[in-house]
Amino acid sequence: MRILMLGGTSFVGRAIVEDALRNGAEVTLFGRGRTGTGLFPGVPRRIGDRDTGDYTALGEGTWDAVVDVSGYVPRHVGQAMEALGGRVGRYLFISSHAVYARTGVGPGSDEDTPRRAPVRDTEELTEATYGPLKVACEDDVLARYGARATVVRPGKVVGPYDRADTFLYWLRRAARGGRVALPGRPEQPVQVVDSRDVARLVVRLLLDDRPGAFHAVGPAEPVTLGGLIETCARVAGSEVEIVPVDPASAPPGFPLVRPDWPTQQRSAARARAAGLPATPLAVTAADVLAWDRGRGEPPLECGLSAGDEERLLAGR
């Protein structure tokens, strides 16, 4: 199978390329050539820029499938489809759970859950526009490719090479042990999926030439936020005491803390049936911990500093 990756050298895209190569696919990378330049020696690269609309490098060649991991606004998708024309078989678009309506959603919601209204009049990515822009992208891919369109909607993806820090914050904090301030409720459900599981699903869908939309959510078993922290502690060989604190006392958007619990309880049934693996959370945590320590544990950009946490825990 010949696969064109729009992106593919950072985190989820990197995992997809690795899995595709393991399965004998011929991969071509398209991107700006600024990240992961030492990755995948021998894999052909086409240099271009989606932000400026430079797809000249894709003027020649045919592929069985394209995987779009770097399409965030309709222009990205529309220009890519125009540049490729009829020279690709299936178009697999990496979307997001941010496409879904935020009200009226119960536990176990599936891929037929109502989506938000599409947005096309801006390219500014904010919390309010990210999901609706992805909706517009999904619609355009489906309109162009029909039964040759596939959409994968990941939840919170974690794993080695994750630069988002949200899962890593809890992993590092649990590794330190002791009393852990949680600006939320320990019983909150949380869904994280291993990047390598997402990659396996994507490649399986391509190999099976399967259309439709699929949730990529995990882990293997349902877990609460408190359970996630405790799992991270066990992996790191530490012991923790989780101490709930007032969410208003911590920075907004705290790592993995969510007020809308049903959005952390989406159904993975369709994706599991299509080949989504279920890596145990402890395995993911151990691999992320080893990766993080191997790179020297650079400073995080989210969560609480040790001093701020001590102040929140004082007197509790």
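This report describes the fold, the sheet, the cores and a few single residues of a predicted model.

## Overall size and make-up

The protein chain contains nine helices and 13 strands. Its C-alpha trace spans about 65 × 45 × 35 Å along the principal axes. A compact globule of 316 residues would have a radius of gyration near 20 Å, and the protein chain has 20 Å, so the two agree.

Buried residues account for 52% of the 316 residues in the protein chain. The protein chain exposes about 13800 Å², and 51% of that area comes from carbon and sulfur atoms. Contacts can also be sorted by separation in sequence. Among those between residues at least 6 apart, 77% join residues at least 24 apart.

## The seven-stranded sheet

Seven strands form an open sheet with parallel pairing, in the order β3-β2-β1-β4-β5-β6-β11. The edges are β3 (45–47) and β11; each has a single partner strand, so one side of each is left without a neighbour in the sheet. From one strand to the next, the twist averages 20°.

Two of the pairings can be followed in detail. Strands β4 and β5 run parallel and are joined by five bridges; here valine 67 stands opposite leucine 92 in β5. Strand β6 (residues 149–154) runs parallel to β11, and five bridges join the two. In this pairing, threonine 150 stands opposite glycine 212 in β11.

How much of β11 is buried? Four of its five residues are, so β11 is largely enclosed by the rest of the structure.

## The nonpolar cores

In soluble globular proteins, nonpolar side chains tend to be buried together. The largest nonpolar core in this model has 36 residues. Met5, Ile16, Val67, Leu201 and Val202 are the residues with the most contacts inside this core. At least two residues of the core come from each of these elements: β1 (2–6), α1 (12–22), β2 (26–31), β4 (63–68), β5 (88–94), α5 (195–207), β11 (212–216) and α7 (269–274). Helix α5 gives the most, with seven residues.

Valine 202 shows what such a residue has around it. Leaving out residues up to four places away in sequence, valine 202 touches Ile16, Val67, Leu92, Ile94 and Val152. Another core, of 33 residues, lies apart from the largest one. Its members include Trp170, Ile242, Ala250 and Ala285.

Helix α1 is mostly covered, with eight of its eleven residues buried. The buried residues are Val12, Gly13, Arg14, Ala15, Ile16, Val17, Asp19 and Ala20. Among the elements that cover them are β1, β2, β4, β5, β7 (156–158) and α5.

The residues on either side of this helix also deserve a look. Phenylalanine 11 lies in the loop between β1 and α1, and has a positive phi of about 55° although it is not a glycine. Is phenylalanine 11 buried or exposed? Its relative accessibility is 14%, so phenylalanine 11 counts as buried, the limit being under 20%. Just after α1, glycine 24 takes a positive phi of about 85°.

## Glutamate 26

Glutamate 26 is found in strand β2. Its relative accessibility is 54%, so glutamate 26 counts as exposed. Not counting residues up to four places away in sequence, glutamate 26 touches Met1, Arg2 and Ile3. Between glutamate 26 and glutamine 191 there are 32 Å in space, C-alpha to C-alpha, and the two are 165 residues apart in sequence.

## Loops on either side of β11

Aspartate 209 lies in the loop between α5 and β11. Aspartate 209 has a phi near 55°, which is a positive value in a residue other than glycine. With a relative accessible area of 48%, aspartate 209 is partly exposed.

Proline 219 is found in the loop between β11 and β12 (223–224). Which form does the peptide bond from glycine 218 to proline 219 take? This bond is cis, with omega near 5°.

Key
Residues numbered from 1 in each chain as written. Predicted model: local features only at pLDDT ≥ 70, side-chain atom pairs only at ≥ 80, totals over all residues. Heavy atoms only, no water. Core = buried A, V, L, I, M, F, W, Y, C linked by side-chain atoms within 4.5 Å. Buried < 20%, exposed > 50% of the residue type's maximum accessible area, 1.4 Å probe, protein only. Contact = heavy atoms within 4.5 Å. Pairing = 2+ DSSP bridges. Axes fitted to C-alpha atoms, helices over the stretch in contact; angles between N-to-C directions. Rg over C-alpha atoms; globule rule 2.2 N^0.38 Å. Areas by Shrake-Rupley, 256 points an atom, 1.4 Å probe, with all protein chains shown as cover.
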